Amino acid sequence: MLNLRAIKCHFQTNGQIVRAVDGVNLDIVKGETFALVGESGCGKSTLAKIILGLAPITAGSMSFAGEPLIKFNKRFRRRVQVVFQDPYSSLNPRLKVSTILSEPMWAHGFKRDEVTQRLELVMALVGLQTNAGNLYPHEFSGGQRQRIAIARALMLAPELILLDEPISALDVSIRAQILNLLQDLQDELNITYLLIAHDLALVQHASDRVAVMYLGRIVETGPTEKIFASPQHPYTQALISAVPEPDPTIARNSNLIRGEVASAIEPPTGCHFHPRCPHKIDRCTKESPPLVAREQVQVSCWVIGSGDLNVAK
Amino acid sequence: MSTNVLEVQDLQTHLHLRRGVVKAVNQVSFSIAYGETLGLIGESGSGKTMTGLSLLGLLPRPAGRIVGGSIRLNGRELSQLNQATYAAQIRGKEIAMISQDPMTSLNPVFSIGSQVAAPIRRHRHDTDQTALALATEELHRVRVPSPALRISHFPHQFSGGMRQRVIAAMATACRPNLLIADEPTSALDVTIQVQLMDLLDQLQDESGAGLLFITHDLGVAASLCDRVAVMYAGSVVETAAVTDLYAAPAHPYTRGLLASVPRIGIKTERGRLFSIPGTPPDPLDLPMGCAFAPRCDLVKDRCHRESPPLIDKGGREIACFEVQ
């Protein structure tokens with residue numbers, strides 16, 4: 001449905017080049033939930049902006065439903081919508097909910113009664129009461145606001161919805177409600193989700209396939225179940241084992257990687273991860289490893305590629 | 001039984017706002033022993049941060065006020081102390097805090113060295129020279145690389161994880177008996193979060209201080225705490241040893257909270273998560289009786305009339321009429 005080929009996005013700041021996204025290939029299949037995970041600064045948000053046409057592409061190409069995307073026209077915008085992280089800043093406080101929800105349809109030239117009809121339908125879909133349209137965002141709790149944001153994304157009946165950290169700004173007891181709602185909507189309307197998140201437990205629960213990003217590149221991608229059951233890339237391994245489990249009998253595992261993410265202005269040579277990697281060999285510091293298929297998973301690592309998988313385990 | 005560094009009894013903190021009075025902390029009791037980590041778990045608005053600020057004497061003024069109960073640190077009553085005494089004798093010396101956001105809790109216009117040296121100058125009355133030398137040692141202790149060089153740097157030259165280490169160094173510089181950490185890891189990435197939790201363990205082992213760890217993250221709490229107190233709408237609903245609480249949560253809210261969190265390693269066949277219905281109550285308009293009653297699956301008539309007290313039930317304390 002959505003294909004990215006060798007996408008690069010480089011910015012210039014103070015004469016230095018920030019390699020925010022550095023050669024990413026991505027294929028999202030219709031009806032699935034594809035998750036992008038990684039720590040802050042890994043380029044996942046920039047990639048989201050590229051897909052929405054909000055950040056420039058330095059190199060590479062993108063196609064949506066088989067058609068190459070060169071200009072982001074209205075037709076594309078109708079088919080791809082977004083839900084942002086923070087429903088406290090993504091809804092205009094001065095507009096009534098009905099206006100917030102109708103705006104996307106007005107922008108695309110729909111008639112008044114089409115809009116009213118769709119409004120009723122969508123509000124019922126996300127579980128908003130009919131009188132909610134006459135209220136303002138501040139009259140709702142965080143969870144309800146996120147329902148409004150989801151409703152707004154649904155108004156144009158899109159095929160792909162980009163979910164940028166859709167629950168991380170919400171209270172813990174509300175998160176499950178929104179997650180279940182998103183799942184119900186997908187089952188009912190056959191929408192494709194691109195989920196951007198840093199919460200790995202959420203990603204495991206909610207996605208079908210996942211791509212792990214590190215400093216602008218994908219280091220491992222494949223079916224979610226496979227990757228969580230046996231992560232291959234040293235970074236994926238560290239990332240998954242670093243998540244604190246809600247179980248005090250599990251000891252904290254802190255010996256896997258040290259240090260911090262390097263700067264995207266001067267990324268390390270070769271494999272971007274090598275300065276933190278416990279298994280690095282000489283080659284890692286010189287050449288950048290390509291994504292290589294191993295079983296159903298694609299991994300970018302020289303150590304694993306050399307067949308010496310036991311080292312990485 | 002080791003001795004308690006902190007004993008909080010029936011603490012009540014109110015916020016007097018234009019729109020009404022918020023009972024931010026409502027009859028909260030707990031204690032922390034030396035060397036113990038107590039986790040205070042709750043959602044936003046549950047009163048966990050207000051509890052922390054009450055202990056530090058840093059309630060927002062003039063709205064915030066402690067209206068009842070007692071806070072005893074090593075037997076000394078703190079709730080009636082005036083601001084000057086708090087600043088001179090308690091804050092930074094006896095009780096110190098690691099705050100949530102490493103991006104805003106350091107002053108951008110002072111060097112790291114002068115900020116870490118500030119509590120040392122204030123409480124140990126050292127000269128600037130010795131204070132700075134001690135600050136370098138403190139940075140070394142929290143494992144900031146090349147501290148002698150880094151003391152002349154400014155906060156913007158530090159990463160989030162390193163800033164949090166600097167704040168930890170400031171907080172522990174005067175070896176406080178009680179450390180309050182308010183969501184210290186939630187602004188950090190997971191691989192950095194693990195490193196900070198190790199540091200907190202190390203600092204506590206070295207000093208033997210009590211640690212009050214405020215968080216909404218059930219995973220972080222499980223990994224770090226000895227005991228846990230769960231707060232809902234200003235009240236503690238359950239207190240238990242961490243292993244007991246996670247193995248068998250008793251209060252309906254704790255139970256729902258633990259069931260609603262997706263977990264790594266546990267196979268969910270893209271199944272639905274359990275979700276607690278409804279939303280937390282408006283703090284200006286708490287329901288009568290048990291604040292959780294409108295969302296509770298065990299609710300009875302009595303829950304809407306009386307608020308359940310926190311009662312000791314076999315090694316753990318639970319505030320619920322229905323759980324025996």
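How many salt bridges does the rule find across the interface of chain A and chain B? In this predicted model, the number found across that interface is 3. One salt bridge between the two chains joins B:Arg272 to A:Asp184, with the closest N and O atoms 2.5 Å apart, a separation that falls inside the 4 Å limit applied to such pairs. Polar contacts between chain A and chain B, counted for residues that are both at pLDDT 80 or more, amount to 17 residue pairs.

On the side of chain A that touches chain B, at least two residues each are supplied by helix H6 (172–189), helix H7 (200–206), helix H8 (224–229) and helix H9 (234–242) of chain A. H6(A) provides the largest share of that side, with 11 residues. Sorted by class, the residues with which chain A touches chain B comprise 17 nonpolar, 14 polar and 12 charged.

The extent of the contact can be given both in residues and in area. Chain A contributes 43 residues to the contact, and chain B contributes 48 residues. The size of an interface is often expressed as the accessible area that is lost when the parts come together. By that criterion, about 3,900 Å² is buried between chain A and chain B, of which 52% lies on carbon and sulfur atoms. Within chain A, the residues that lose the most area to chain B are A:His205, A:Pro246 and A:Arg252, which together account for 19% of what that side buries.

Over all chains, the structure holds 21 salt bridges. One of these is formed within chain A by A:Arg276 and A:Glu39, whose closest N and O atoms are 3.7 Å apart. A:Arg276 is located in the loop between H9 and helix H10 (282–286) of chain A, whereas A:Glu39 is located in the loop between strand S3 (33–37) and helix H1 (44–51) of chain A, so this pair ties together parts that are 237 residues apart in sequence.

Two or more lining residues are given by each of several elements, namely helix H5 (142–154) of chain A and, from chain B, strand S1 (4–17), strand S2 (20–33) and helix H1 (48–56). In terms of class, the lining of the second largest pocket has 17 nonpolar, 11 polar and 7 charged residues.

Definitions and conventions. Residues numbered from 1 in each chain as written. Chains lettered and ligands numbered in written order. Predicted model: local features only at pLDDT ≥ 70, side-chain atom pairs only at ≥ 80, totals over all residues. Heavy atoms only, no water. Contact = heavy atoms within 4.5 Å. Buried area = accessible area lost by both parts, 1.4 Å probe. Salt bridge = Lys/Arg side-chain N within 4 Å of Asp/Glu carboxyl O. Polar contact = N/O pair within 3.5 Å; in protein donor to acceptor, adjacent residues only side chain to side chain. Helix = DSSP H or I, 4+ residues; strand = E, 2+ residues; numbered from the N terminus. Nonpolar A, V, L, I, M, F, W, Y, C, P; charged D, E, K, R; others polar.
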